[in-house]
Amino acid sequence: MLERIAGKTVRRAVGLMSGTSVDGIDAAVVEIMTVNDGIKIKLCAFENIPYSGSVRKKIMELFDIDISTVDKLGYMNFLLGELFAQAALQVIKKAGLEAKDIDFIGSHGQTVYHQPQVSNEDGYDIRYTVQIGEGAVISARTGIPCVSDFRVADMAAGGQGAPLVPFTEYLLYSDKEKNVLLQNIGGIGNITIIPAGKNIWEISAFDTGPGNMIIDGLVQRTSKGKLLYDPGGEIARNGTVNDSLLKRLINNPYFDTVPPKSTGRELFGKDYTEMIYQYMLENNISNEDGIATVTYFTAWSIADSYRRYIKPECSADYIVLGGGGSYNNTLVNYIKTEMSAYNVQTYTQEQLGYSSDAKEAIAFAILADYTVAAKTNNIPGVTGASKAVVMGKISL
């Protein structure tokens, strides 16, 4: 079956993604066409299916190692499998298709723990990661082969299992004449550097630091849960960056770490947000000023990453912003100001004719396409893996 699918000139796939912001499931139906030595993508339909308050709460509890238990983890793995399958069928219907018209599904799942740094307490160099949303359930409910659990193969080869999207970004955005930066702003920010005219093994990428995670967390904390995020960056727009808080935030060892590197909720999650909130209370910093400061902090981390780790080797022509953060106008304006100091133009995905919402779901459809064809789909120079591997587990 897989050999037959891989041999098609045009493959129809569903990509599924749930990010660190835990706001819902992104589902995209795409056509993937083989063109010469590369691929061409057509987005047929996209849907975002928000989590219910109850499901989101249960997922968030898994991030807290003090209350997360193996029974909760097992239950949510299968429950999210059901919800991801439902999302796949919903977006297939929106595309005017049926399940039998889809060749495969690529599902990132929901990351609940990611530990890219080596632990050697038992004599082995162990990195580990946990994504839930059982692929076998998705396949059973839809009748479609499902590729899932992508990160573990890269980590088994000594990599950090992240970032994975740079592989697909090269395929879709590389430019023969200009140096391009792709900045995704999800819960975490990650950047891909694509030098003009280079092959896929010559690109690099890493996590720049927090994306929306701290902004969302602080909005939720200050609003007592009434708001989940800062719509359009309006709260931040009405505040002023607080210098003392900003200095505290940028004094973080992560920013001094040389790439390849990745991070997540373990560093910039609930405890980090609570530290910021307590500092605001102790120093009489208003909610608006605090949210403006953490919004600027994300922009600073992106520009600082460029200044320290990218510009010396690859002076960029433009940067393309994607992910939920690209809808935060205040954040985008901060980034534009920061990057203009280095003569780098800033665009959003939409300004170039793409979709910020669908970008990562499309990416996992493409990664699954390579898995089905038994082609390597990681970039060792990006993740730190010792070799190129085929990522993803296939459920039939």
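## Helices α7 and α12

In this predicted model, in which local features need pLDDT of at least 70, side-chain atom pairs count only at pLDDT 80 or more, and totals for chains, interfaces and linings use all residues, the axes of α7 and helix α12 (residues 287-310) come within 9 Å and cross at roughly 170 degrees. Axes here are lines fitted to C-alpha atoms, for helices over the stretch in contact, and angles run from 0 to 180 degrees between N-to-C directions; helices (H or I, at least four residues) and strands (E, at least two) are DSSP runs numbered from the N terminus. Residues are numbered from 1 along each chain as its sequence is written, and side-chain values use heavy atoms, with hydrogens and water left out.

The helices α7 and α12 are therefore roughly antiparallel to each other, given that angles under 35 degrees count as roughly parallel, over 145 as roughly antiparallel, 65 to 115 as roughly perpendicular and the rest as oblique. On the α7 side, Ile-214, Ile-215, Leu-218, Val-219 and Thr-222 meet Asn-287, Gly-290, Ile-291, Val-294, Thr-295, Phe-297 and Thr-298 of α12, where contact means heavy atoms within 4.5 Å. The residues of this contact divide into seven nonpolar, five polar and no charged; Ala, Val, Leu, Ile, Met, Phe, Trp, Tyr, Cys and Pro count as nonpolar, Asp, Glu, Lys and Arg as charged, and the others, Gly among them, as polar.

## Helices α9 and α11

Helix α9 (residues 243-250) and α11 have axes that come within 11 Å and cross at roughly 155 degrees, and the two helices are therefore roughly antiparallel to each other. Their crossing is right-handed, a crossing being left-handed if the near helix is turned anticlockwise from the far one by less than a right angle, and right-handed if clockwise. Ser-244, Leu-245, Arg-248 and Leu-249 of α9 make the contact with Tyr-272, Met-275, Ile-276, Tyr-279 and Met-280 of α11, and by class these residues are seven nonpolar, one polar and one charged.

## Helices α2 and α3

Helix α2 (residues 53-62) packs against helix α3 (residues 70-94) at an angle of about 135 degrees, with the axes 11 Å apart, and α2 and α3 are therefore oblique to each other. The crossing in which α2 passes α3 is left-handed. From α2, the contact is made by Val-55, Lys-58, Ile-59, Glu-61 and Leu-62, and from α3 by Lys-72, Leu-73, Tyr-75, Met-76, Leu-79, Leu-80 and Leu-83; this contact has nine nonpolar, no polar and three charged residues.

## The second largest pocket

The second largest pocket holds about 890 Å³ of space, a volume being the space filled by probe spheres set on grid points that are joined across faces, edges and corners. On a 1 Å grid over the protein atoms alone, a pocket is an open set of points where a 1.4 Å probe fits, with protein on both sides within 12 Å along at least five of seven lines, and lining residues have an atom within 4 Å of a point.

The lining comprises 30 residues, of which Met-60, Arg-265, Gly-269, Lys-270 and Asp-271 lie nearest the centre of the pocket. Two or more lining residues come from each of α2, α7 (213-222), α10 (265-268) and α11 (270-282). By class, the lining has ten nonpolar, seven polar and 13 charged residues.

## Backbone features in loops

A cis peptide bond with omega of about -10 degrees joins Ala-162 and Pro-163, and Pro-163 lies in the loop between α5 (151-156) and α6 (166-173). The bond from Pro-259 to Pro-260 is also cis, with omega near 5 degrees, and Pro-260 lies in the loop between α9 and α10. Asp-149, although not a glycine, has a positive phi of about 55 degrees, and is found in the loop between β6 (146-148) and α5.
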